[in-house]
Structures are given as structure tokens and as C-alpha cells.
Amino acid sequence: MAFRNPVLPLALDAVYTAAAPFVWRKMKKKERLRGTSPERADQFFTRHLGKDVPPVGTPEDIRCWLHAVSVGESVAAGALFRQLKNQRPQWDYLVTTTTETGQKQARESLKTADRFAYAPYDHGICVRRFLHHYRPSLYCFFETEFWPNLLLELGRRQTPVFLVNGKLSEKSAKAYARFRFLFRPPLLTPTRYFMQTDDDAERLRTIIGAHPGIRVSGNLKFDALPNPISPEERLEWRTRWGIKPDELLFTAGSTHPTEEALMLRAFAEARQRVPNLRLMLVPRHPERFSEVAELITSAGH
């Protein structure tokens, strides 16, 4: 099997070790990653990850590890978790994320899970210590969280792995295909690949070839949509945000740099036709709130 090849993990560790200073600098700079630094440093520099986690007692006991990188994936993970918890309440559930905002969302969406943590760095030392500490019985990861060392080590331990809500953009697929020698072995580790669309499934096949475990199951985020709020809640939110009863609100959510400026220009044009229109900008990353606030002010709003 591909995961028994010892050369690839060693090569990956060499790359990760060389890149570590740059990764650490990035984490210190980005607010949504900054809070994850102490715990993830412990995973690398110490032998312990807090209080010891008891092993599952019998072969019938399962520790299900759900990993979602950030907020969006945590929402999808919440939809799966609720179904699993309903059908397998006796399982022990471990939930990990990569970002601090994702961790907050996970603790809300999956609040009844047994334990929460940040995912380990994809360095062999971190991965092995993490797996030894938590001893997962199976691993479910969401969307595009392909971490080669982790997948290879889980394969070596013969831990069942499932890709859930999988997606693969055309750009990413081309990159993976270009370095197929690096990505194909770890990507062969999962037992099942539950992809969002036929296109996602076909792009995955260009990398790993025909695989009986590839399925198209749609987007779990649609199963995680909240119930509509009541008229009373709606009025409460509008009052909180200072939106008058006769005003229309347009929300631009999960925006990235350059998109807010476009929205503000479009908003200014729209208000000439709809004077009672209001705009709410919701940047994808919280550390950009101040930057976008200054942009709004400079646009004269």
C-alpha cells in the first residue's frame, strides 16, 4: 500500500521543518490563527496535550474524530454530527478545527461533543503525538482538508477515513495533478469520498483514478440551514442594528478584499433609485473589520 512507503513522510517532514518559521510568523500575524498558537506549540514541543484522554474500552466503542478547518466547514460538520449523535449516542466525539473562529463555531454547532481541540500541524511528530493522545477510531474530514502526513499516518494505523462534503476546484485539481506523485498516495487513504458535485468527483478521479469509494452526496451545508426566525426575533435584530421598519436591508456576507469597494459603489448607485436601502458588510475574516470600517467611512457612509 502507498502509505507504507517511508520516503514520502520523511520528505514531507523536511519541507514542513523548513517552512515552520514562515508558518509561525503567519499564525502570529493573522488574528484568526493567533489564538491557536499555544496549543499547537504544545503539540510539537511537549510530550503531553493536557489531561490524558482515556482509550475507548472495547471494540464496540468508537471515538469519532470530526475535523473542520474553519466556520463554513464547522457548520457542515454540525449537520453530520447531529445525525451521528442521534444514531450513535454512545460514541465518543472529538472535534478539531484549524482557526480560532472555526473553533468558536464548532463549540456552538457541536456543543454536545465530548472534546474539542485544534488540529495538529501536519509534521510527523505532531501527528503521531496527537493520534497517540486521542486514539481516534475513525476520522471524518470536510471539504478540502488534505493533509498528507496525517492521512498517511492514519492509513498506516489502518484507521478508517472518510472525506465528507468533499470539493475540489479546477485550479486545485490541476495543482494536485501536477504533483500527483506527492498527493496521490495520501489521497488513496480514505475508504469513502462523499463529494458535493459530479464535477468534484470527476476532478478527484483525475488524481487518484477510478475508485469504488467515490460518491456524490450533495452539500451538507444545505442540511445545516437554521430555522427561519420569528417576526419578534426579526424585529429585535432590526431594532438592535438601527434599521427602521420601512428600510430595506441588503447583506453582503463573507466578503474578501476588493469586494467591499465594489459593493459600496453598487450600493451608492442603488440608493439613488431606492433611498431607503441599507447595506450590511460582513467580511469573511474578523481581523479585517477595522479595515472595512475605514473603507466605509472613506466612501462617505
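**An exposed residue and its loop**

Q158 is exposed, with a relative accessible area of 61%; here exposed means over 50% relative accessible area, buried means under 20%, and partly exposed is what falls in between, using a 1.4 Å probe and protein chains only. Q158 sits in the loop between α7 and β5 (161–166). Its phi is near 60 degrees, a positive value in a residue other than glycine. Most residues other than glycine have a negative phi.

Before going further, some ground rules: this is a predicted model, so local features need pLDDT of at least 70 and side-chain atom pairs count only at pLDDT 80 or more, while totals for chains, interfaces and linings use all residues. Residues are numbered from 1 along each chain as its sequence is written, and side-chain values use heavy atoms, with hydrogens and water left out. As for the element names, helices (H or I, at least four residues) and strands (E, at least two) are DSSP runs, numbered from the N terminus.

But E143 is buried, with a relative accessible area of 1%.

Next, the sheet. Seven strands make up an open sheet with parallel pairing, in the order β3-β2-β1-β4-β5-β6-β7; two strands count as paired if DSSP finds at least two bridges between them. At the edges stand β3 (115–118) and β7 (214–216), each with a single partner strand, so one side of each has no neighbour in the sheet. From one strand to the next, the twist averages 20 degrees; axes here are lines fitted to C-alpha atoms, for helices over the stretch in contact, and angles run from 0 to 180 degrees between N-to-C directions.

Zoom in on β1 (residues 63–67), which pairs with β4 (residues 138–142) in the parallel sense over four bridges. In that pairing, C64 has L138 of β4 as its bridge partner. Helix α6 (residues 124–134) packs on the sheet, touching β1, β2 (92–97) and β3, and its direction makes about 175 degrees with that of β3. β1 is also joined to β2 by five bridges, and those two strands run parallel. There, R63 has D92 of β2 as its bridge partner.

How many of the six residues of β2 are buried? Six of the six are. Both faces are covered, with D92, L94 and T96 on one side and Y93, V95 and T97 on the other.

T97 is worth a stop. This residue of β2 is buried, with a relative accessible area of 1%. Apart from neighbours within four places in sequence, Q103 is in contact with T97, F116, A117 and Y118. Q103 and Y118 are 15 residues apart along the chain, and their C-alpha atoms are separated by 7.6 Å.

Grid points are joined across faces, edges and corners, and a volume is the space filled by probe spheres set on the points.

A search of the whole structure turns up one cavity of 30 Å³ or more. The largest cavity has a volume of about 70 Å³. Twelve residues line it, with H67, A119, P120, W147 and L150 nearest its centre.

The second largest pocket holds about 530 Å³ of space. Of its 18 lining residues, W241, L279, M280, L281 and I296 lie nearest the centre. β9 (277–283) is among the elements that each supply at least two lining residues, and its six residues are the largest share.

How values were computed
On a 1 Å grid over the protein atoms alone, a cavity is a set of points where a 1.4 Å probe fits but cannot get out, and a pocket is an open set with protein on both sides within 12 Å along at least five of seven lines; lining residues have an atom within 4 Å of a point. Contact means heavy atoms within 4.5 Å.
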